[in-house]
Amino acid sequence: MTITAPLAAAAPDSDPGRGRRLSVGPSLGLLPFLVFIGIFLVIPTVTVIVGAFQSEAGGFSLEKVRALGEETPLRALRESLVLSFTSALVGAVLGALLAYLVVTAPPTSILRRAVTSICGVLAQFGGVTLAFAWIATLGFSGLLTDLMADTFGTDPNGSSWLYELPGLILVYSYFQIPLMVIVFLPALEGLRPQWREAAVNLGATTRQYWLQVAFPLLRPAFLGSALLLFANAFAAYATAAALVSQGAPITPLLIRSALTSEIVLGQANFGFALALEMIVVVAIVMGLYAWLLRRTSRWLG
Amino acid sequence: MSVTQSSSHSAPSTVSPGLAVEMTALRRTYGTVNALDGLDLHLDPGEMVVLLGPSGCGKTTALRILAGLERQDAGTISVGGRDLTHVPANKRDMGMVFQAYSLFPHLTVLDNVAFGLKLRGRSRKDRRQRAGDMLDLVGLGEQKARYAHQLSGGQQQRVALARALAIEPAVLLLDEPLSALDAKVRVQLRDEIRRVQSDVGTTTLFVTHDQEEALAIADRVGVMNSGRLDQIAPPAELYSSPATRFVGEFVGLSNRIPAQVDGETAVVLDARLPVLPGSAAGAGLALVRPESVSVEPDEHGHATVVSVAFLGPVSRATLTLDDGTLVMAQLASAAAGGLVVGGRVRLRITPSPVLVVGA
Amino acid sequence: MIGAWVWRVSRWLLLLAFAAFFLLPLVALLDFSTTIPRTGERTGAAWQSLLEDPQMTQAIKTSLLLALFTVIGMVVLLVPTMIWVKLRVPRASRLVEFLCLLPLTIPALVVVVGIKNVYAWVTYLIGDSALTLTFIYVVLVLPYAYRSIDAALSSIDAGTLSEAARSLGAGWFTVITRVITPNIWPGVLGGAFISVALVLGEYTVSSLLNYETLPVVIVLLSKSDAPQSMAASLASILFAAALLVVLSFLDRRRRTTVRK
């Protein structure tokens, strides 16, 4: 009865019976949303999880999950982790630096608006077009390729490393840095001037303020943002797919192979296991992210 | 130097004699705005001075320049005879309490208070001891291990006060420390600040726009108006003898009643009153407090009752003179019972000196 | 004083370095798309073909239609649900938030892997068309749209507004469509803009389900006509940029009107 009381109060002069009916009625309004999410998000996810533990015959089996430990998927996972870690690190450090350069400009300045808009495009639009932008820069007859070939006599056919892990790290940084700016800027903006002034008043030098106040305050937000970048890179597909058309050096591209050729490692539906692996990694990282975010929002909110 | 300020209390061992503060000819402009226009301000050792004024009058600028958080364009500052004019903020030894949200959110209450001591290289044991003492002083000894977000606004400001005092500052600065709190806490904390300040005896500059607050806690109140100090005086004197029209109108409520000045006296509503220095000559308006106006029903009076508002122990009557001037009178609620809206009344004015300003 | 000067100079140098890093690839796109391979002469042919090549125009049309349908689907699904939760079922708000942010944890790639059975039904029921991607896209844009609308919804007092409307005789439908929605319009618009940008750039789902959206065709063409796919890349980046710049102005107007 205590639970229905607020609802009964919302409907004036209702008898108790009506109050009880109301507590179920409004929930029905959520049905379309829940059904839609159920069909297009939950069912596919459950399909992946169940499929990963199913044998070809349909019974329970650890065969596919165990196959994740074989050399090809393991190497792809390792490369994926290296790529995600490196691009998250580069993105977090440089992105935080850029965010600081921006936050020291007044909020209405053109610089600030331009940088946040550009970062919004590069971080969220992403994918294929960014890959092509770098191919046009460093690929065959690219702008920088030609320029460097003319000046330094480097290989005029372009940089083959662009299509391998170092290239992926470079191109990923191109959307990781802007993403960092977007997610880290609010934390920097939350740094109150009073804290600096209070520290200075109590005798802190600029260096002491940064080491003892600003860095400890920003640390959780920085780590949280870096984790978000990591998950973003790990789940990214389009850029790598556009850049690397053959072979599968990283997990997302191995999933592509599993989907398009149906049989990888002699296993039909191995894609389910790989997708499960991806869910697990991203879920762990996002869980940590949410935990850190809760902590900073208390400080910098 | 005298320590009489704190003798009446059971003062802790932290009593410092207090230092004199001298601010001379301070100027500061922002673009075309004169935030400070040649401000001179002197604080006696151990004294609490409150700067009072509307927003934009320059009071906060004055405080921040004294703290070193802002630069003056011209003028000098010295504390205890030491010239601080070009000393950076972190070398000035000023304890400051901000409007709100100035506690470091990543540190516990105890670590916040110990922060300045740590910067001064005091030992860990020493810091904890001193910080604990300061928290006891502001009545938060039990909250040492908490974080800022676990405290109420009033408690946060107490911690900020303890933090500012922990470093035994040369001067204590308070920048509208109560403005973000609700009314009840505000009154309570303001008395608390006054008690702690007289306990430790630190010279204090307090900035506020709330006149009641200023009159309640200050040794002297300085009223600021467009970058200058209009008057600085003990609260009672400021209230009874305003030096300028601005002070008279900003501090407390004032009626403006037509008056005729004649030498040292003025005629206001048939009464002859002494005038304060700085009054205008000839015809003008006398600034008269509502409590200086008494009212009695009289068929042949020269005013009419417009309304009577009951405020508890006192009531406030609004009246019109026959020339149309509105006058407010404050009287005991018992006396207000005899007033009828629309009734004729006679006004009398207490024969204390008044300020007469140009019409 | 010298410290401040050093900081100013190094700040601008760093900003210039960032600008170079971010603008260089875009300039390279422009250069590549306006150059004839081998000879190095300038030409606008690649850009012209964006409007003439039937495969390209068809792809642009598909992507724009998808963006439109996704926005409609997002608004129809999300706006009434969020308002309803706020007004009538507040205890479900954590659940709805969790579900809306779930696509951040379940990557599009995973959804594609598991969606085969669902799509068999979709194509069976409403036919095989690229526009069926709308369903998945609505899910993909959910987190971004949710945040935008949620921010707008928390900035107004929806409860009081709806009580006022209902006391004046409005039904729930009227409350949602005529009272609350107009007040959270900037948030809905913001969500719509981001959705459009996301859909126009989406490659993962469409390529793996073999539908020819703009990004898919850009990749296909890169094998045969690289300058054209470079031109299309740059054009779509600029289009998305224009959308988000408009959004930032809308956002600024909203903030200034709120502050007053």
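Residues 221-244 of chain A are 88% helix and 0% strand, with end C-alpha atoms 33 Å apart. This description, like the rest of the report, refers to a predicted model. Residues 165-188 of chain A are 100% helix and 0% strand, and the end C-alpha atoms of that span lie 32 Å apart.

Both spans carry an annotation from a database record. In an unreviewed entry, UniProt lists the feature "transmembrane region" for chain A at residues 28-53, 81-103, 115-145, 165-188, 221-244 and 270-292.

## Two domains in chain A

The domain assignment divides chain A into domain 1, residues 1-52, and domain 2, residues 70-300. Six residues from domain 1 of chain A and five residues from domain 2 of chain A take part in the contact between them. Together the two domains bury about 440 Å², and 91% of this area is on carbon and sulfur atoms.

On the domain 1 side, V48(A), I49(A) and A52(A) lose the most area to domain 2 of chain A, and these residues together account for 72% of what that side buries. The side of domain 1 that touches domain 2 has three nonpolar residues, three polar residues and no charged residues. Zero salt bridges are found across this domain interface.

## Where chain B meets chain A

The size of an interface is often given as the accessible area lost when the parts come together. For chain B and chain A, the buried area is about 2,100 Å², with 63% of it on carbon and sulfur atoms. Chain B gives 25 residues to the contact, and chain A gives 19 residues.

One salt bridge is found across the interface of chain B and chain A. The partners are E197(A) and R64(B), whose closest N and O atoms are 2.5 Å apart.

## The chain B side of the interface

Three elements of chain B give two or more residues to the side that touches chain A: helix 1 (59-67), strand 6 (94-97) and helix 2 (109-119). Helix 2 of chain B provides the largest share of that side, four residues. By class, the side of chain B that touches chain A consists of 14 nonpolar, six polar and five charged residues.

Definitions and conventions
Residues are numbered from 1 along each chain as its sequence is written. Chains are lettered from A and ligands numbered from 1 in the order in which they are written. This is a predicted model: local features need pLDDT of at least 70, side-chain atom pairs count only at pLDDT 80 or more; totals for chains, interfaces and linings use all residues. Side-chain values use heavy atoms; hydrogens and water are left out. Contact means heavy atoms within 4.5 Å. Buried area is the accessible area (1.4 Å probe) that two parts lose on being put together, summed over both. A salt bridge is a side-chain nitrogen of Lys or Arg within 4 Å of a carboxyl oxygen of Asp or Glu. Ala, Val, Leu, Ile, Met, Phe, Trp, Tyr, Cys and Pro count as nonpolar, Asp, Glu, Lys and Arg as charged, and the others, Gly among them, as polar. UniProt positions are given in the numbering used here, feature names are shortened, and annotations may be inferred rather than shown by experiment. Domain bounds come from an automatic or database domain assignment.
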